[in-house]
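Here is a friendly walk through one protein model, from the whole chain down to a single side chain. Keep the 3D view open as you read.

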Amino acid sequence: MNGHEKSDSSVVPTKRPNKAAADADAAEAVEGRELAKRNPVERDMRRTQCRHTSMPNALERIREAARRDGAQRFTSLMHHVYDIERLRSSYRELRKQSAAGVDGVTWRSYGEELEPNLQSLGARLKRGMYRARGTRRAHIPKTDGTTRPIGVPTLEDKLVQRSMAEVLGALYESDFVGFSYGFRDGRSPHHALDALAVAIERRKVNWVLDADIRGFFDTLDHGWLQKFVEHRIGDRRVVNLILQWLKAGVLDKGRRIRSEVGTVQGGSISPLLANIYLHYVFDLWAHQWRKRHARGDVVIVRFADDFVVGFEQQADGERFLGELRERFAKFNLALHPEKTRLIEFGRHAATARHRRGLGKPETFDFLGFTHISGKSRDGRFALLRKTARKRFQAKLKQVRANLRERLNWSVPQMGVYLAAVVKGHVNYYGVPHNSRSITAFRLSVGKIWRWTLERRSQRTRIPWERMRRLVARWLPLARVCHPFPNVRFDVTTQGRSRMR
């Protein structure tokens, strides 16, 4: 059966039962449960302009075929990619203010003749005349003071990549394992954080491997990636288009750079390719390792190229780390020697370290949070999470720089900008036990605002009483907005809530 084979449109699939409830293996590890399933038809239907009809649910047919046969190779997928309705939807989902690529075409200029442009793009894809363009390189600052190079694709590359990612995402969703959370439909960083917190609190975790892949997106091997993709995809047009994006290179300061390794960050297809690569290199191997070789409990949570592994026994952790290094070396990957460590962590860590005359348990960072072995108010073990220091300081530094460039802004303009900054920060970092950090962030933003207003004139001094009124008027209160991890995790994995 090919990926485009049709099914009876009169039959509406019923909601699937949660895997964790029906499959003992899925329930083996608390961090590996599937999220609660949404209605598959509703998930992929798109409303058209008339809001009464919907485009054929081709993605669901691909998803169902992939789920039924994990070894099937899809030989006809390209026609889903150049579908005009899907390309049109991809255009509407792009950010209107996104930067232009090497051709200088912006979202607005492309949309001035949208339908002719989409028809031309679809025709070129259908005839095999479409050619991927190189990306324009930009540099964004990282929390450690260095910069991360990202690629800005051309607008048409963005459209095709987004369409391709949607089609392939439907295919691979049934392949990816439960503990993989990065860039998947219905999953977010907070789902990964919840899974990790619940695993540490409920499972026998005494040691944690805090790992970092050194330059993952820069060292991803094209040859291996092609083999992994061809394991499921037999459509040469799809494979060749992916290789075009990988080998198109980047334009950096007027100089074109091509490489046989790595994938440029910034395109819509890059996260999916990264997931495919790590699915075969890490996920499947780690899942089999803990079933065959571990003597105690092992829990795994991965989000893109960031992952944390918890162990009941130290020996398991040391053996896993050694074999993981060998595994990565086969696929042109390496763990960062300074950022990868096995630490004692969990409910018994403080007692065990005190018995040996050591200090408090070490902490580790994951997805912007510092994880701490702490205690609740009644003295029981509790996993505490607070905003990572580097993330906290980097955001404040960015706010200061942005305000310095906008000294001519009025107070209301600054207030609107800073309100959005504080709201976005609190929406992500507002987890239980982190109220002190998010409150400190709001106050720090207020101090930076006062410092900026005073820089407008050497004689101007803003009294604190006036500054407090400005902060109270413009900056939203820093309140915890996320539930406790176990509450949300139990809901999203047991089918009692529809994920949106």
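## Before we start

Contact here means heavy atoms within 4.5 Å. Please also keep in mind that this is a predicted model.

With that cut-off, and leaving aside residues up to four places away in sequence, Phe320 touches Leu209, Phe282, Trp285, Ala286, Trp289, Val309 and Phe311. Several of these names come back below.

## The chain as a whole

The chain has 500 residues, and 50% of them count as buried. Its secondary structure comprises 20 helices and 11 strands.

Which residues have the most contacts inside the largest nonpolar core? They are Phe282 and Phe320, in a core of 78 residues. The helix that gives the most to this core is α13 (residues 270-292), which contributes 12 residues. There is also a second, separate core with 50 residues, including Ile200, Val308, Val431 and Phe441.

Next, find the open sheet of four strands, which pair antiparallel in the order β6-β7-β3-β8. At its edges are β6 (298-303) and β8 (341-344), each pairing on one side only. On average, neighbouring strands in this sheet are turned by 20° against each other, direction ignored. Between β6 and β7 (residues 306-311), which run antiparallel, there are six bridges. One to look for is the bridge between Val298 and its partner Phe311 in β7.

Two helices pack on this sheet. Helix α13 touches β6 and β7, and its direction makes about 175° with that of β6. Helix α14 (residues 314-330) touches β3 (207-212), β7 and β8, with its direction at about 145° to that of β7.

## A closer look at Arg184

Finally, turn to the loop between α8 (155-172) and α9 (189-202), where Arg184 lies. Is this arginine, Arg184, buried or exposed? Arg184 is buried, because its relative accessible area is 5% and buried means under 20%.

What does the side chain of Arg184 reach at 2.7 Å? It reaches the backbone oxygen of Ser180. Not counting residues up to four places away in sequence, Arg184 also touches Glu173, Phe176, Val177 and Asn275.

Notes:
Residues are numbered from 1 along each chain as its sequence is written. This is a predicted model: local features need pLDDT of at least 70, side-chain atom pairs count only at pLDDT 80 or more; totals for chains, interfaces and linings use all residues. Side-chain values use heavy atoms; hydrogens and water are left out. Buried means under 20% relative accessible area, exposed over 50%, partly exposed in between (1.4 Å probe, protein chains only). A polar contact is a pair of N or O atoms within 3.5 Å; within protein, one must be able to donate a hydrogen and the other to accept it, and residues adjacent in sequence count only if both atoms are side-chain atoms. A nonpolar core is a set of buried Ala, Val, Leu, Ile, Met, Phe, Trp, Tyr and Cys residues joined through side-chain atoms within 4.5 Å. Two strands pair if DSSP finds at least two bridges between them. Axes are lines fitted to C-alpha atoms, for helices over the stretch in contact, and angles run from 0 to 180 degrees between N-to-C directions.
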